[in-house]
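Have a look at the structure first.

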Amino acid sequence: MMNEYEVLIIGGGPGGYVAAIKAAQLGRKCAVIEKEKIGGVCLNWGCIPTKSLLRNAEVISHLYDGDQFGFSLDEGSIKLNYEKAYERSRKVSEKLVRGTEFLMKKNDITLIKDEAVFNSNNSIRLKGTGKVLSAGNIIIAAGSRPMHIEGIDFSKDRVLDSKKALQLKAAPKSVVIIGGGAIGMEFASIWNSYGADITIVEMMPEILPNEDEDISKEARKQYERKGIRIFTETKVTNVEMQDKKTCVTLTGKDGRKILNCEYVLVAAGIIPNSDMIGIEKTDVELDSKGYIKTDDSMCTNVKGVYAIGDITGKFALAHAASAEGIIAANAIAGNEIDPMNYQNIPKCTYGFPETASAGLTESQARGKGIDVVTGKFPFSANGKAAAYGAAEGFVKIVAGKKYGEILGIHMIGTHVTEMISSAVGYMSLECTLDEISKIIHPHPTISEAILEAAHAAEGQPIHI
């Protein structure tokens, strides 16, 4: 058994490779074991390629707004080439993967292209070569995979998960999307811009069910205005393939319906990859859903074995995994750590409209028995949004009534995902409404809406 490394990391996604870089910076000799390409799902088949496709879709959607911007294009004169958008998305991903590979070399991190399974609590076997590696510290960053729904045959070409959806080289003509969360709504935005007929099926009362209720309702209104059909409190109970169409049976509050489409996209959640890494060869404790239990330092119940990212079930977001990776690396180095504040992690959906949020929703705060005040500022009253022709949406702040502490900030509108970081900063610094209202925001900017929402929550709005 070889013991060449001080830290072994299983998985090279945004949790694993960031943990490796931080551990290397702290003087630890590291190896990352990744069976596919470095960067994991995020760089290769998730965050990055979808954002590339969304950018193409955004440009296309603006072409149909020529009247307000002083030009005109006949729909017949616009030739859309989805394959070019696909090719650009792959090039963007490949460039970032190469950059991450360079970071591995720069930090003297060994990248092992193989599949890792546990051999014992402190050793790993490489399935390809059979080689066994051991280390005093192992970080599990093996991620998750799309959840499959019983009764739906994923071997069929016309049944997609997120990875298969990103491999399409032609825009679909019609899609039923199962799941109205971030993944479902982003693909809906992409394909809708290319003229596809889109139907969303969501089990919960609203799409984007983890957002503040006001955000979810506004999102539904804007998506439906674009011609996207949405069925909430509804399940897909059958998918049947016929020669030239896919028949999807829905059952829900509106009764039973049968829809015909070209493709079905299943975007109904994820499951952890803990069953794929030989975890049964260890004493690592799992919860009832197969997620790995960890403490504040990201350590499992087994000394020297850490877990980060999707596989912990805490927050399935790339930036959360990266932050957890840094915590784990610091813990291994014996440094003092600041535990993650999961309440303040920003959540973003990059569709049209974008949504971004952090902290408690209004209903969550009230459910905790907190006496709250809220302030909402519409982009229709924001100068920059009006100038950009992007006046839909708003910023909403949820705060404690007694002290004005910020409990949650929620946004929907153009490029709000670029604004949420400052909001998280305010919350992390424990700013009050009064303190935010004294922070001078540049004019004209869309971010002024945060300042205005704080004024509104204090009952003294300036521009509404």
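Which residues of α1 are buried? In this predicted model, they are Gly 16, Tyr 17, Val 18, Ala 19, Ala 20, Ile 21, Ala 23 and Ala 24.

**Helix α1 and its surroundings**
- Helix α1 runs over residues 16-25 and is mostly covered, with 8 of its 10 residues buried.
- On the strand side, the buried residues of α1 pack against β1 (7-10), β2 (30-33) and β7 (137-140).
- Helices join in too: those buried residues also pack against α5 (82-106) and α9 (318-332).
- Just past the end of α1, Gly 27 takes a positive phi of about 90°.

**Cis peptide bonds**
- As background, most peptide bonds are trans.
- The bond from Phe 352 to Pro 353 is cis, with omega near 15°, and Pro 353 lies in the loop between β19 (347-349) and β20 (354-359).
- From His 443 to Pro 444 the peptide bond is cis as well, with omega near 0°; look for Pro 444 in the loop between α13 (433-437) and α14 (448-457).

- Most residues other than glycine have a negative phi.
- Glu 233 has a positive phi, near 50°, and belongs to the loop between β12 (229-231) and β13 (234-241).
- Glu 233 counts as partly exposed because its relative accessibility is 39%.
- Met 298 isn't a glycine either, yet its phi is positive at about 75°; this residue is in the loop between β17 (270-272) and β18 (305-307).
- Relative accessibility is 1% for Met 298, so Met 298 counts as buried.

Key:
Residues are numbered from 1 along each chain as its sequence is written. This is a predicted model: local features need pLDDT of at least 70, side-chain atom pairs count only at pLDDT 80 or more; totals for chains, interfaces and linings use all residues. Side-chain values use heavy atoms; hydrogens and water are left out. Buried means under 20% relative accessible area, exposed over 50%, partly exposed in between (1.4 Å probe, protein chains only). Helices (H or I, at least four residues) and strands (E, at least two) are DSSP runs, numbered from the N terminus. Contact means heavy atoms within 4.5 Å.
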